[in-house]
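Please look over the structure shown below before reading on. The briefing that follows takes up pockets and cavities, then sheets and helices, then the chain as a whole.

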Amino acid sequence: MRVHLMVVARRTGVPLPSVVFDAARQAISRAFPVAAATVTSDEWRSAAGDTALLSWSNEPEGHGLPLLCSGDGRVAGLTGHLAEPADVARLLAVPHLGETVTRTGGVFSVFRASETEVRAATGLTRACPVFHAETPDVHVIGSRALLVHLVARAAETSSGRPGIVWDLTALESMVRAGYFLSDETPFHGVGALPPAAEIGVVGGRRTVTEIPLPEARATPTSKRAARAQIDELADALLAAVRPLRNTVEPVRLSLTGGRDSRLLAALLHRADIPFVTATSGHDDSPDVVLAGRVAQALGVRHSVARPKRSDDGTELVVPHPHVRGHNVLFACEGMISAYENIPVAVRFDPTPRMSGHGGEILRGGFLHNQDDLDDRAVRRRIDGLFTRNANLLTDQGRQHARALASPWRDLDGPGALDRLYLTYRVGRWHAASRASLLRGQNPVPPFLDNLVVGTALGIDPLWRRSEALIHGVINAFAPSLRDIPLEGRPWRFTEERRPGLWARLRSRALVTTPAGKPWNWRTKPSPELTRLLRTAIIDEHGELRADGLAHVVDAAEVARLPDSRMDVLWHLHTVSTMLTDAFATPDSPDLPSLRIPIPC
């Protein structure tokens with residue numbers, strides 16, 4: 001992982017106060033959750049001392065680009081990766097970053113400084129985020145929200161270790177959904193830059209410029225036109241993985257029985273890139289069985305990671321929820337729920353890794369599981385995203401949620417769900433999750449590559465939703481996968497186009513549907529887990545434990561929350577833990593694992 005921080009005085013020529021640098025060095029242990037002994041750093045300061053770019057990394061020497069690159073009188077740091085490392089020269093040379101970043105292959109953000117200005121930019125998905133804040137004296141821009149907040153607070157308070165000020169109203173989204181459906185963060189005054197956007201500070205003045213997203217073409221009406229768009233996406237995907245041909249170790253692909261990771265397996269196979277596959281789960285789960293068949297068809301090595309059990313096999317052994325919550329908070333800065341499976345901190349491994357996360361971009365975003373495309377149904381779906389679990393909120397929390405939904409409700413057509421997915425589900429949920437991967441791994445997600453996303457956005461989202469597009473790409477890359485069943489529902493285009501009887505029967509035969517949803521310990525209440533989650537939220541007197549949580553949450557409604565709503569209990573546990581612990585120490589609490597009885 002690479003962490004970058006830019007600080008600029010609002011008055012040109014006025015040196016930055018030393019407390020800013022003291023605060024950054026104090027805060028990095030909280031904002032960069034890796035072993036301190038593995039961290040290297042670099043920095044650049046302007047001649048006048050009014051601008052600074054500070055950078056840290058736990059990546060091994062020689063992995064990727066230098067921590068800071070220079071050229072054309074500028075210095076720049078990147079998070080994520082470029083598909084072609086030589087493109088860094090272009091990012092240093094162009095006057096403005098925004099449009100160039102969106103047209104450059106890779107998944108990255110860039111932070112660039114010179115004697116006269118600073119600029120930072122996000123890609124089409126902002127999977128590598130940029131956060132920003134301002135005070136009366138400085139502008140602060142960085143890749144970690146907590147670091148940006150603490151440095152901005154230091155400039156305001158003249159304290160090298162300032163306290164955190166929460167944006168309590170913004171936390172309603174975390175309580176309801178487990179991630180941010182906005183550009184807000186948990187930290188007062190810190191916002192996330194939109195996707196495909198550039199922030200610049202010149203002469204002490206800050207500007208934000210958003211690059212228009214590609215306009216979608218009409219659904220292809222002929223096989224030739226459809227083939228052309230399939231080929232266009234296939235070419236973009238091949239370009240995204242081309243640099244991996246030189247990788248020392250085989251790519252490690254997390255493979256399931258679904259569509260998206262299968263497409264990645266077909267892509268790596270077609271690109272002749274060495275890879276191995278692995279699946280997490282029990283031996284009889286559809287994901288494990290089908291992933292094994294895909295790997296066998298492609299002739300690659302496959303392994304299975306089985307959940308840890310007790311010696312007698314009757315209990316699942318899982319981390320204590322407080323340990324899990326601590327890990328998620330420090331890795332993801334309070335911007336994703338502890339319900340999610342977030343890897344723990346480990347020494348950085350440069351082996352490239354892939355998974356199918358984000359593949360819904362190629363299937364219409366939130367349209368991929370939207371059956372009714374009527375305008376009223378789409379609006380109800382949007383309302384649902386912003387008002388789900390709103391009964392738990394105070395009036396102020398509900399008003400905030402409605403205000404966030406308003407601009408999205410005004411958009412016409414089902415395409416709103418496509419853009420909403422890109423803006424928040426990828427731009428906030430996936431970005432937070434990805435941060436946890438970057439601290440110890442080298443994730444290479446082709447579905448989030450700027451050129452792949454730009455190509456996808458230029459294709460009618462309703463045609464992407466039909467799944468004919470990715471079905472065509474998989475068949476082009478690896479015809480041997482054609483007859484291997486999917487987990488879950490059939491390809492959507494075979495269902496909705498009502499083909500002949502033989503085709504319908506064949507499509508159903510190519511689906512493996514488990515009997516009901518598989519057991520998930522996080523969502524099925526067990527007495528000990530439920531007790532631990534609840535007691536971290538509400539004390540023995542029925543009061544919310546976290547000061548400030550009552551600003552957006554109704555304690556009486558939380559007390560009435562049934563055990564069946566485990567997902568919401570995880571969300572509340574995450575927010576309550578954050579507000580009470582306040583990122584006090586990066587050391588994980590020493591608590592025993594939990595044992596969850598496995599149902600017979």
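**Briefing: spaces, sheets and overall form**

The lining of the second largest pocket is made up of 17 nonpolar, 10 polar and 4 charged residues, where Ala, Val, Leu, Ile, Met, Phe, Trp, Tyr, Cys and Pro count as nonpolar, Asp, Glu, Lys and Arg as charged, and the others, Gly among them, as polar. The model is a predicted one, in which local features need pLDDT of at least 70 and side-chain atom pairs count only at pLDDT 80 or more, while totals for chains, interfaces and linings use all residues. Residues are numbered from 1 along each chain as its sequence is written, and side-chain values use heavy atoms, with hydrogens and water left out.

**The second largest pocket**

- The volume of this second largest pocket is about 720 Å³; on a 1 Å grid over the protein atoms alone, a pocket is an open set of points with protein on both sides within 12 Å along at least five of seven lines, a cavity is a set of points where a 1.4 Å probe fits but cannot get out, and lining residues have an atom within 4 Å of a point.
- A volume here is the space filled by probe spheres set on the grid points, which are joined across faces, edges and corners.
- Its lining holds 31 residues, and His63, Gly64, His81, Leu82 and Asn442 are those nearest the centre of the pocket.
- Two or more lining residues come from each of β5 (74-82), α6 (223-241), α12 and β18, with helices (H or I, at least four residues) and strands (E, at least two) taken as DSSP runs numbered from the N terminus.
- Strand β5 supplies the largest share of the lining of this pocket, 5 residues.

**Cavities**

- The model has 3 cavities of 30 Å³ or more, and the largest cavity holds about 200 Å³ of space.
- The largest cavity is lined by 21 residues, of which Pro129, Ser143, Arg144, Ala431 and Ala435 are the closest to its centre.
- At least two residues of that lining come from each of β1 (2-9), α9 (321-332) and α12 (415-438), and α12 gives the most, with 6 residues.
- By class, the lining of the largest cavity has 13 nonpolar, 4 polar and 4 charged residues.
- The second largest cavity has a volume of about 80 Å³, and of its 10 lining residues the closest to the centre are Arg262, Leu481, Arg482, Ile484 and Trp491.
- Helix α15 (residues 468-477) contributes the largest share of the lining of the second largest cavity, 3 residues, and this lining divides into 6 nonpolar, 2 polar and 2 charged residues.

**The parallel sheet**

- Five strands, in the order β15-β14-β13-β17-β18, form an open sheet with parallel pairing, two strands being paired if DSSP finds at least two bridges between them.
- Because β15 (302-305) and β18 (442-443) stand at the edges with a single partner strand each, one side of each is left without a neighbour in the sheet.
- Strands β13 (residues 251-254) and β14 (residues 275-280) are paired in the parallel sense over 4 bridges, and Arg252 has Val276 in β14 as its bridge partner.
- Helix α7 (residues 260-270) packs on this sheet and touches β13, β14 and β17 (352-354), its direction making about 155 degrees with that of β13; contact means heavy atoms within 4.5 Å, and angles run from 0 to 180 degrees between the N-to-C directions of axes, which are lines fitted to C-alpha atoms, for helices over the stretch in contact.
- Helix α8 (residues 286-298) lies across β14 and β15 and runs at about 170 degrees to β14.

**The antiparallel sheet**

- Another open sheet has 6 strands with antiparallel pairing, in the order β2-β3-β1-β9-β8-β10, and its edge strands, β2 (40-45) and β10 (191-192), each pair on one side only.
- Strands β1 and β3 (residues 51-57) run antiparallel and are joined by 7 bridges, with Ala52 in β3 as the bridge partner of Val7.

**The chain as a whole**

- The protein chain has 20 helices and 21 strands.
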